[in-house]
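Here is a short report for a reader new to this structure. Take a look at the model before reading on.

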Amino acid sequence: MASVPDGLQYTDEHEWVSGDVDTGAIVSIGITEYAAAALGDVVFIDAPSVGDTVAAGRVCGELESTKAVSELYSPVTGKVTEVNQAVLDSPELLNRDAYGEGWILKIEVSEPAKKLLNAEQYASLTD
Amino acid sequence: MPLHSALESRHLALGATMIDFAGWSLPVRYSSDLAEHRAVRTGVGVFDLSHMGEIEVSGPGAPDALDYALVGWISRIAVGGAKYTMICTEDGGVVDDLVVYRIEETRFMVVANAGNHSVVVEALRDRCEGFPCEIVDESQATALVAVQGPASPTVATRIVDQGDRSTVAGLPYYSCAPATVTGIRMLVARTGYTGEDGFEFFCPSDRAGELWDRVVDGGKESSIVPCGLASRDVLRLEAGMPLYGHELGLDRSPFDAGLGRVVQFGTDADPRADFVGNRALRDAARRVAGFRENPRSSPDDARLLVGLVGNGRRSARAGYSVLAAGVAIGEVTSGAPSPSLECQIAMAYVHPRYTAAGTEVEVEIRGRHEGMAVSALPFYSQAK
């Protein structure tokens, strides 16, 4: 069963956010184990660049697996401060360690988030 | 409500992710598509193909009936032989692609795609009506387990009874024979859809569990890996094999798909009796030959199937446009990253002007144009 760590927040598009989502804070984001398992072996990640603006709930990239393509939605509004080059080079990290080494972006939050779920709420979505 | 394979509990116990496919609940993968793919290319994999249709056509009129109904010269298959063939409409469009096994002189098994099973049964009943033969749809009663990969002969011979070992070991590619596995008498065929050596076991569905368990147990020594529909699709794509609904359909003739060899017209010296689609298929053969000889004067909407290869990070997928100099000249029918070739591969119908190997084209991949080049099929074949 896909794990849903307690310390993170989630979206109904199967992303996770790590850190306090306060204006000015920097958070890490990625996709959940559930999403990674549904995709299968991820072979390509199309991520935004450092400095790009992203908006909560809007498509900011793409995840391609052997069999499918899935859109990457930003869970928060802000500016990209860091992109995980390791996961871009080795997309299989998403499948191996979705919540750790598989992080995709760091974002400097510019607006408080509105629709984030806690672990329990997200887990009930995927049951 | 999807149909369930008799092996479903085993798939779930193995951690399979299930999907609905052609009205059946089946494993799309168990672990990783890439791991399953690699297992079939270098070791051995096992597939549950119980969704496929198995239709028995038997009786003194069966050879003539199938000669009439199908485009292949079925009565010419030797007993114990198998043939890849198609069933076409009067207009030459493809209703399904099939493998026909001649189990006995007048007993044949026609294996159809799950999605076309009902249509094929109906068409066979219709076409075979004038002939003294019987058509029995054995699909629900028959399970199919495929063992594919270079180590498959080792596993296949290990799991059959001692007395059948040399028969199974000696089966030529595209042939079949009865054999006993764990006390169950069944048909074993040296056929498959992966481009590797392989065996397909047709057994009564109420004993499928015993067969599967025997395969998995006998395959342990060879590190057998259960494989799902996802890896199956990329394996067949690498092997240049068509998938109905993608490369084949009612609106395409076998000749458009480069598979004219399955249509056997006979010769003046050795004529063949009339068969469904004969006339239209002769026209299609002529038309396609014309496209190949004079690509530049082919109509704008003429299309032939080609392979494409590319080195981009994104994959071409079914439905994406193929472009040349910014103009749409075709459409992708299947595409995926190729684990064996480590590049992107695809099949596409393109205008005859762009079918020469090496021709550079572009594929529109979700708003971006990625370069690909025309390639001969298959992309992959076994090391000899």
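## A pair of strands in chain A

A:Val27 has A:Ile107 as its bridge partner in strand S9 of chain A. This is a predicted model. The two strands concerned are S3 (residues 26–31) and S9 (residues 105–109) of chain A. They pair in the antiparallel sense, over four bridges.

## The sheet around that pair

S3 and S9 of chain A belong to an open sheet of six strands. Its order is S1-S2-S3-S9-S8-S5, and the pairing is antiparallel. Which strands stand at the edges? They are S1 (9–10) and S5 (53–54) of chain A. Each has a single partner strand, so one side of each is left without a neighbour in the sheet.

In general, strands of a sheet pair through backbone hydrogen bonds, either parallel or antiparallel.

## A covered strand in chain B

Now turn to chain B. Strand S13 (residues 198–204) of chain B is mostly covered. Of its seven residues, six are buried.

S13 of chain B pairs with strand S10 (residues 142–148) of chain B in the antiparallel sense, over seven bridges. B:Val147 has its bridge partner in S13 of chain B, namely B:Phe199. Strand S12 (residues 184–189) of chain B also runs antiparallel to S13 of chain B, joined by three bridges. There, B:Ala189 stands opposite B:Glu200.

## Two packed helices in chain B

Two packed helices are described by the angle between their axes and the distance between the axes. Helix H5 (residues 152–159) and helix H7 (residues 208–219) of chain B pack at an angle of about 120°, and their axes are 9 Å apart. That angle makes H5 of chain B oblique to H7 of chain B. The crossing is right-handed.

Which residues meet here? From H5 of chain B come B:Val155, B:Arg158 and B:Ile159. From H7 of chain B come B:Arg214, B:Val215, B:Gly218 and B:Gly219. By class, this contact has three nonpolar, two polar and two charged residues.

## Where the chains touch

How many residues does each chain give to the contact between chain A and chain B? Chain B gives 12 residues and chain A gives eight residues.

How values were computed:
Residues numbered from 1 in each chain as written. Chains lettered and ligands numbered in written order. Predicted model: local features only at pLDDT ≥ 70, side-chain atom pairs only at ≥ 80, totals over all residues. Pairing = 2+ DSSP bridges. Buried ≥ 20, exposed ≤ 12 C-beta atoms within 10 Å, placed from the backbone. Axes fitted to C-alpha atoms, helices over the stretch in contact; angles between N-to-C directions. Parallel < 35°, antiparallel > 145°, perpendicular 65-115°, else oblique. Left-handed = near helix turned anticlockwise from the far one by under 90°. Contact = placed C-beta atoms within 7 Å. Nonpolar A, V, L, I, M, F, W, Y, C, P; charged D, E, K, R; others polar.
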